[in-house]
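Please brief me on this structure in plain terms.

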Amino acid sequence: MTSIADRVAGPPLADEADARAAAVPVALPVITLPAGAERELRLDLFRGLALWLIFIDHLPNNILTWFTFRNYGFSDATEIFIFISGYTAAFVYGRAMLEAGFVIATARILRRVWQIYVAHVFLFTIFLAEISYVAARFDNPLYAEEMGIMDFLKQPDVTIIQALLLRFRPANMDVLPLYIVLMLFLPLIIWLMKWRADVTLALSVVLYALTWQFDLYLSAYPNGFWAFNPFAWQLLFVFGAWCALGGARRMSRILSSPVTMWICVAYLFFAFCVTLTWHLPQLKFLMPKLIEQWMYPITKTDMDVLRFAHFLALAAVTVRLLPKDWPGLKSPWLRPVILCGQHSLEIFCLGVFLAFAGHFVLAEIAGGGVAMHLVVSVAGILIMSGMAWIISWYKHSADKSATRKKGTVGNADMAGGGS
Amino acid sequence: MKSNPVALLGLTVLAGFLAVAPARPQDAPARTEAAPANCEVPAYLLTTESTLPKVEHAVKSGLPLDILVVGSRSSTISTLEASAYPGRLQAVLKQMLPKVAVNVSVELQIKKTAEEVATGLVKLVEVKKPTLVIWQTGTYDAMRSIDPEDFRGAVGEGVVALKEAGADVVLMNLQYSPRTETMITAPPYLDSMRVVAQQYDTPLFDRFAIMHHWNDSGDFDLFSPTRGLDLARRVHDCIGRALAKFVIEAARVDPAQQN
């Protein structure tokens, strides 16, 4: 099997500088896909970073947790991840749709969906092994009630079928099902965008609003709902796709305005101050009660508007501060992050697995000592980077002859999205 | 932060974790009744802006102080009910307020969501007429992934009903349970309870943060797979003490003046 690496080249995340630089050979009325030869390393960098942060956030708190975004604002790595996934998926499959047509592009997207589904089931198997082990061994009377969560093991038939239907998703396993659903609708999204990109984005906003108005959700097993509501999170994915298919360039004037920049910085600062009161309860008295009542809760399930706005502000400031041709992108120090971002599905799965493994090591061997938490986090990141390097070696060296025969189109269909 | 020699093995172990036999000593022999564990709680976790006027009134005028704990299974220790935190709360309060007749009773609502409990709360209060209701909730809702919005609404309704029925209310949130962290998603329920407490000006006893603190500071090893009752008993003892301090603090009563 060829590597599932993305081949993303072309326009960066919403940056006006590149609008000028990018060549635009395929000029269609609505969608234009610049065919830059150079890979957009910033996308890889931030997706890799998001993967690292998701891994760290899935582990028990430790010193590294303080380096993750979610402690300094409303949004977290999930937003980055879903946005960049929408961006790259639309970019790769949007081109496939222009070059090979709707049917071929859809077929390729469905194959990608299948890969993600298999990855999810694989992770579920590992999760089941871990839980069964804990259930068999752990019997602390202090947690008699909490251990009731293992009751699903008494009905493996139902549990496994529900897991295959994506309805039973244990904690930390919510991102891939969301991604599967979003990818399933990607052919429709791209097709609509080919027709009218802005209308598609508007429809997405309407769906988001309806979700909030009528409380749309997908139910889960044994009860409850999807922890990442696809009806709400689609907005970020579609927005990513819209940016990839020319929206970023059209936004460039707004993005380059100093007014936008100041609004973004002010909002990020406000979010930072609010999050500070979560971590230092001593400061809570500084928060006006009226603002609290209006603002809370900031839901992640339905991607609160405050979270979305926070992500937008963060992205706007980032593309401004980090130009596409920043030499640091080529530095060997950032190489591990970028490699991880280039092989995102594999590294994401590995990250989820390592988070399980990390919990297990902390619980069984280390007893949850603070130093051990740090060791586990750092080791996990090293393993993720090492694996990304191996995958990239396979792609460039071990599979070289195979890819040469297949040609570039065959390669592109494996690309995109990478969860 | 103590460094652990096992930590050096971490890298190797992480890679092949399934093959590694658990290196931790099995359940340590149960200790005999020890002196109270060292379980300091940082002051900010025991202070609250909200008050308990009914409790304050009862204590200051020497009326009996009837406390009703409404909770799930984590409000008791099976086969050791008397050592669970409600019993400890009563003992410690009696010590701190020797002139007040303190009586703590427990109403367990096992395997019930906050919504199911909330509907029956008023009846409980009418029967028992407590001065203070300590409502421990959230665990079962988190296990069943009840919509946090619904949960928040139910807790809010329950708090309002209790207050209208004439009782003071203290909310108590989930236990910190590191072993089940990958399976039970606690944060939305913790947040919801914080919001309700804020909204209705009700003191929230942050059991989760307190236990988390004990685990981080090494007072208790909450990862322990022990089957023995000793750990549960010591943790409940400490929760009972912390809760007594919290109630007295929220009621703005100075125990020194009561002696």
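Ser392(A) is in contact with Leu339(A) and His343(A), leaving aside its neighbours within four places in sequence. Contact means heavy atoms within 4.5 Å. This is a predicted model: local features need pLDDT of at least 70, side-chain atom pairs count only at pLDDT 80 or more, and totals for chains, interfaces and linings use all residues. Residues are numbered from 1 along each chain as its sequence is written, chains are lettered from A and ligands numbered from 1 in the order in which they are written, and side-chain values use heavy atoms, with hydrogens and water left out.

- Ser392(A) lies in helix α16 of chain A. Helices (H or I, at least four residues) and strands (E, at least two) are DSSP runs, numbered from the N terminus.
- Ser392(A) is buried, at a relative accessible area of 10%. Buried means under 20% relative accessible area, exposed over 50%, and partly exposed in between (1.4 Å probe, protein chains only).
- Helix α14 of chain A covers residues 335-342, and six of its eight residues are buried, so it is largely enclosed by the rest of the structure.
- The buried residues of α14(A) are Val337(A), Ile338(A), Leu339(A), Cys340(A), Gly341(A) and Gln342(A). Leu339(A), one of them, is also a contact of Ser392(A).

**Leu59(A)**

- Leu59(A) sits in the loop between α2 (41-58) and α3 of chain A.
- Leu59(A) is buried, with a relative accessible area of 4%.
- Not counting residues up to four places away in sequence, Leu59(A) touches Ala355(A), Gly358(A), His359(A), Val376(A) and Ser377(A).
- Leu59(A) and Leu110(A) are 51 residues apart along the chain, and 32 Å separates their C-alpha atoms.

**Salt bridges**

- Side chains of opposite charge can pair when their charged atoms come close.
- A salt bridge is a side-chain nitrogen of Lys or Arg within 4 Å of a carboxyl oxygen of Asp or Glu. Over all chains, the structure holds 17 salt bridges.
- Glu79(A) and Arg307(A) meet in a salt bridge, at 2.7 Å from N to O. Glu79(A) is in helix α3 (residues 77-100) and Arg307(A) is in helix α13 (residues 305-321), so the pair, 228 residues apart, links distant parts of the chain.
- Both Glu79(A) and Arg307(A) are buried.
- Glu40(A) forms a salt bridge with Arg42(A), and their closest N and O atoms are 3.6 Å apart. Glu40(A) is buried at 1% relative accessible area. Arg42(A) is buried too, at 4%.
- Lys154(A) and Asp151(A) meet in a salt bridge, at 3.2 Å from N to O. Lys154(A) is exposed, with 67% relative accessibility. Asp151(A) is partly exposed, at 30%.
- Salt bridges that share partners join Asp76(A), Glu79(A), Lys300(A) and Arg307(A) into one network.

**Where chain A meets chain B**

- On chain A, 58 residues are in contact with 62 residues of chain B.
- About 5,400 Å² is buried between chain A and chain B, and carbon and sulfur atoms give 64% of that area. Buried area is the accessible area (1.4 Å probe) that two parts lose on being put together, summed over both.
- Two salt bridges are counted between chain A and chain B. Asp151(A) forms a salt bridge with Lys111(B), with the closest N and O atoms 3.9 Å apart.
- In chain A, α4 (102-137), α12 (289-295), α15 (344-366) and α16 (370-398) each supply at least two residues of the side that touches chain B.
- α15(A) gives the most to that side, with 10 residues.

**Chain B**

- Chain B has 10 helices and five strands.
- Of its 259 residues, 53% count as buried.
- Of the contacts in chain B with a separation of 6 or more, 80% come from residues 24 or more positions apart.
- Chain B exposes about 11,500 Å², and carbon and sulfur atoms supply 54% of it. Accessible areas come from the Shrake-Rupley method with a 1.4 Å probe; for residues, only the protein chains shown count as cover.
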